[in-house]
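Hi,

Here is the model I promised to pass on.

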Amino acid sequence: MRTRKRKKRRTGLYLVMLVVGIFLSTLVVQGYNLKVNCKRLAAEQTQLEAKKKSLQKEQQDIKDKSAYMKTDKYIEEVAREKFGLVYENEIIFKPADSD
């Protein structure tokens, strides 16, 4: 009778140890997956922060160019380059044709 009780206790103990072992192995695997996922997200965050800085610089450049385009100096440059406009007292020198 005692041997049956011992076998039942051992069987119960083995069953509890098996459940604990499965639980611990699941925890280890999930912990590893979380660590890998955390590293991937950290790298993605670094990449996105660099992209954010780049876009902020581009946005500032656009604002600066927009402000410059509203000045008289820009309008004068465009009139000279695209339309060939000059002031009344200016002399235009053109290169001679080399034919």
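**What I found**

Glu-76 counts as partly exposed, at 32% relative accessibility (buried means under 20% relative accessible area, exposed over 50%, and partly exposed in between, with a 1.4 Å probe and protein chains only). Its partner is Arg-80: the two side chains meet in a salt bridge, 3.4 Å from N to O. By salt bridge I mean a side-chain nitrogen of Lys or Arg within 4 Å of a carboxyl oxygen of Asp or Glu. Arg-80 is partly exposed as well, at 32%.

Before going on, the ground rules. This is a predicted model, in which local features need pLDDT of at least 70 and side-chain atom pairs count only at pLDDT 80 or more, while totals for chains, interfaces and linings use all residues. Residues are numbered from 1 along each chain as its sequence is written, and side-chain values use heavy atoms, with hydrogens and water left out.

**The other pairs**

How many salt bridges does the rule give? The count comes to four. Side chains of opposite charge can pair when their charged atoms come close. Two of these pairs sit in helix H1:

- Arg-40 bridges to Glu-44, with the closest N and O atoms 3.6 Å apart. They are four residues apart in H1, so the separation is about one helical turn. Arg-40 is partly exposed at 48%, and Glu-44 is partly exposed at 35%.
- Lys-57 bridges to Asp-61, with the closest N and O atoms 3.5 Å apart. Here too, the residues are four apart in H1 and about one helical turn separates them. Lys-57 counts as exposed at 54%, whereas Asp-61 is partly exposed at 40%.

**A nonpolar patch**

Val-16, Val-20, Phe-23, Leu-24 and Leu-27 make a nonpolar surface patch of about 470 Å². Patches are built from residues with over 30% relative accessible area and no salt bridge, joining like charges within 9 Å and nonpolar side chains (Val, Leu, Ile, Met, Phe, Trp, Tyr) within 5 Å. One of its members, Leu-24, is in helix H1 (residues 2-69) and is partly exposed at 48%.

**The whole chain**

The protein chain has two helices and zero strands; these are DSSP runs numbered from the N terminus, helices being H or I with at least four residues and strands E with at least two. Its radius of gyration is 39 Å, well over the 13 Å that the globule rule gives for 99 residues, so the chain is more spread out than a compact globule. That radius is taken over C-alpha atoms, and the rule is 2.2 Å times the number of residues to the power 0.38. Along its principal axes the C-alpha trace spans about 125 × 40 × 15 Å.

How much of the chain is buried? Of the 99 residues, 1% count as buried.

One more for your viewer: Ser-66 lies in helix H1 and is partly exposed at 33%. Its C-alpha atom is 19 Å from that of Glu-81, 15 residues apart along the chain.

Cheers

Note on methods: Areas by Shrake-Rupley, 256 points an atom, 1.4 Å probe, with all protein chains shown as cover.
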